[in-house]
Amino acid sequence: MLPIEDVVRLGFIGVSQGCAYGLIALGFVLIYKATEVVNFAHGEFMMFGGFAVLTFSEGFGLGFWPGLIVACLAMGTAGYLVDSLIMRRIIGQSQASIFILTVAFGFILRSAAGMIWGWSPLSLDTPFDGETTLAGVTLGTDRLAIIATTAVLCTALYMFFGRSRTGIAMQASSQNQLAAYYMGIPVRRLVSLVWAIAAIIATVAGAVMAPVTQLETNVGFIGIKALAGAIVGGFGSIPGTLLGCMLIGVIEPFADYFFPAIKGVSAYIVMLVVLFIRPEGLIVQTYRKKV
Amino acid sequence: MQTVFKTSYDQDINLLTKTGEYIRVSIVILMMLAAPLFVDVYYLGELGLLLVYVIAGIGLMILTGFTGQVSFGHAAFLGIGAYSHSILMTAGLPFPVSVVLTVALTGIIGMLLGRSASKMHGFYLAVATLAFLIIIETIIGEWTDMTGGYAGYAVPELEMFGFYFAEVWHQYYLYLGFALFVIWGAANLLRSPTGRSFLAVRDSELSARSLGINVEWIKIQSFGISAAITGLAGVLLAHYLAYLSPETFGVLESLKLLLMIVVGGLGSIAGAIFGAIFVSLLPVAISILRDFLPGVVGEQAGLEPMLFGLIIVIFVIFEPEGINGRWKKLLHFFETFPYYRKSSFVRQKSYLKTERMR
């Protein structure tokens with residue numbers, strides 16, 4: 001059996017990893033709720049965002065925080081353009097085409113990143129290096145930063161969607177696009193704005209994940225695990241998504257510890273098991289059509 | 001323009017209807033049969049690989065193009081087919097028995113996956129199949145006693161009734177035979193009640209259900225048939241590669257299959273064939289392109305995936321019907337020569353189909 005300190009340490013790594021998945025999954029869920037498109041390139045958005053922060057903060061010498069803000073603005077604009085120039089044109093096509101399109105985006109972004117920043121891992125200087133001792137247990141500051149960022153971003157999004165006019169309009173257009181049009185809500189602009197917000201979240205995620213994962217072109221594959229977490233939680237509701245990601249994040253380090261043969265696969269096994277038992281995830285979001 | 005004059009009831013379900021189709025199909029088959037006479041050995045091998053991809057593409061097309069279930073995990077069936085066939089052959093079973101057993105095994109695994117997937121929909125299914133693929137890849141990698149793990153597995157020589165398929169053209173004819181059989185079988189399947197139910201389930205599950213189609217069972221059948229055909233492609237791929245390793249059957253291979261049917265044209269057998277040709281020619285075209293591009297761009301390592309991605313984006317946005325759609329338009333242009341109008345193929349306005357209401 002594990003000593004209690006190791007359990008705490010693994011649990012802590014799990015929680016922070018779960019938060020990281022949740023941070024990425026937020027972007028998936030936002031876009032899905034607005035347009036019913038699953039953006040398989042979201043992990044690559046995160047990777048690209050991380051590199052953008054590196055360029056602005058170190059390449060242009062702006063420092064971490066201003067660099068992060070500039071990178072967020074740049075990636076947000078890019079997200080807005082992706083929707084208004086490309087995704088809007090393919091509404092109504094078969095799902096296979098839309099999936100493969102977003103996957104293709106991922107390919108393009110990954111090779112573009114490799115061409116610009118090279119294929120070997122780079123490191124980003126963040127203010128979160130070092131360790132913090134909390135109640136007698138020593139923890140990595142970078143992992144604490146991930147948890148804190150997730151908490152802050154979730155609160156901010158909750159306030160935004162619950163309180164601000166734009167946020168409520170976004171909710172309305174997600175629930176019923178046609179009715180939203182009739183109410184004079186600029187649905188198209190809002191959808192593009194949701195893509196921008198998702199890209200900004202991805203950038204922040206890329207920046208806080210950088211000390212843990214390094215900046216490299218293959219980091220985007222973490223997006224698939226985040227997607228698995230979101231599906232376990234039932235996709236479509238933000239609390240459900242966070243719950244699912246936490247579950248996967250906490251199970252993963254323990255499973256890797258006890259069954260090293262299946263290292264890295266436990267997230268998918270958990271997802272398949274949950275889907276066998278509850279095909280719609282833990283918190284159901286679909287409604288049966290009544291004729 | 002040729003008008004088809006109906007003289008019998010069977011004409012509606014004939015595999016080929018117009019004279020032009022008969023001519024084109026026979027020319028293609030004759031050319032494929034005659035290929036070993038005037039094609040270099042290297043290119044003959046490539047042609048064999050193309051046929052393997054045609055089979056795999058038809059396998060995925062039945063599931064994704066005809067039944068509307070997106071699978072990101074079809075390379076897993078390719079892998080299961082390749083490995084189980086090699087293991088059975090090593091155990092001393094003759095080729096035909098091993099092929100039949102492998103196809104049955106992949107079919108059953110496909111049906112089991114379909115059984116659990118028949119309640120899922122849309123991207124849940126896509127991600128579940130992706131997870132299935134990753135798990136299978138890990139199992140193949142870790143089960144060293146059986147599969148040799150990451151060190152690889154040598155495929156036994158292709159031998160049937162004491163005859164060794166040693167020359168490239170022996171194997172080529174074997175592949176051609178299987179490919180023609182699969183194409184003919186898939187075309188036949190599509191005019192049968194089962195195949196028609198596939199299309200009904202794709203177009204609307206709700207209306208299929210109200211017509212008395214057992215939607216779950218149709219999905220399971222579709223998964224089974226699709227997996228079995230892909231498994232057959234895996235068997236042939238094993239003999240082409242001669243040495244298997246788990247990485248061969250990874251996510252990239254799956255995406256290649258999906259790319260093939262999307263670019264070729266979803267929902268048609270010809271689409272799978274066009275897609276296979278496209279996927280086989282693309283690397284050649286890219287390597288030629290590299291020579292023409294200025295040094296800095298041409299030597300970039302990421303050029304190939306980037307072009308892959310760009311081509312998909314261009315196809316999905318501008319020609320969602322794929323190469324097959326473009327081909328049909330071209331044909332229509334010549335058949336109705338002076339009368340072709342741009343509006344003949346104007347896309348219908350389409351709307352978002354919501355998944356939240358089921």
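Predicted model: local features only at pLDDT ≥ 70, side-chain atom pairs only at ≥ 80, totals over all residues.
View 1. Helix α10 of chain B (residues 215-241) has the highest confidence in the chain, with a mean pLDDT of 91, while helix α13 of chain B (residues 295-298) has the lowest, at 61. Here pLDDT is the predictor's confidence in each residue, from 0 to 100, and helices are DSSP runs of H or I with at least four residues, numbered from the N terminus. Chain B averages 83, and 92% of its residues score at least 70. Residues count from 1 along each chain as its sequence is written, and chains are lettered from A, ligands numbered from 1, in the order written.

**View 2. The overall build of chain B.** You'll find 15 helices and 4 strands (E runs of at least two residues) in chain B. The C-alpha atoms fill a box of roughly 60 × 50 × 50 Å along the principal axes. Of the 358 residues, 40% are buried, meaning 20 or more other C-beta atoms, placed from the backbone, lie within 10 Å of a residue's own.

**View 3. Where chain A meets chain B.** The contact (C-beta atoms, placed from the backbone, within 7 Å) takes 45 residues from chain A and 44 from chain B. On the chain A side, α4 (95-117), α9 (222-233) and α11 (266-277) of chain A each give two or more residues. α4(A) gives the most, with 16 residues.

Key: Buried ≥ 20, exposed ≤ 12 C-beta atoms within 10 Å, placed from the backbone. Contact = placed C-beta atoms within 7 Å.
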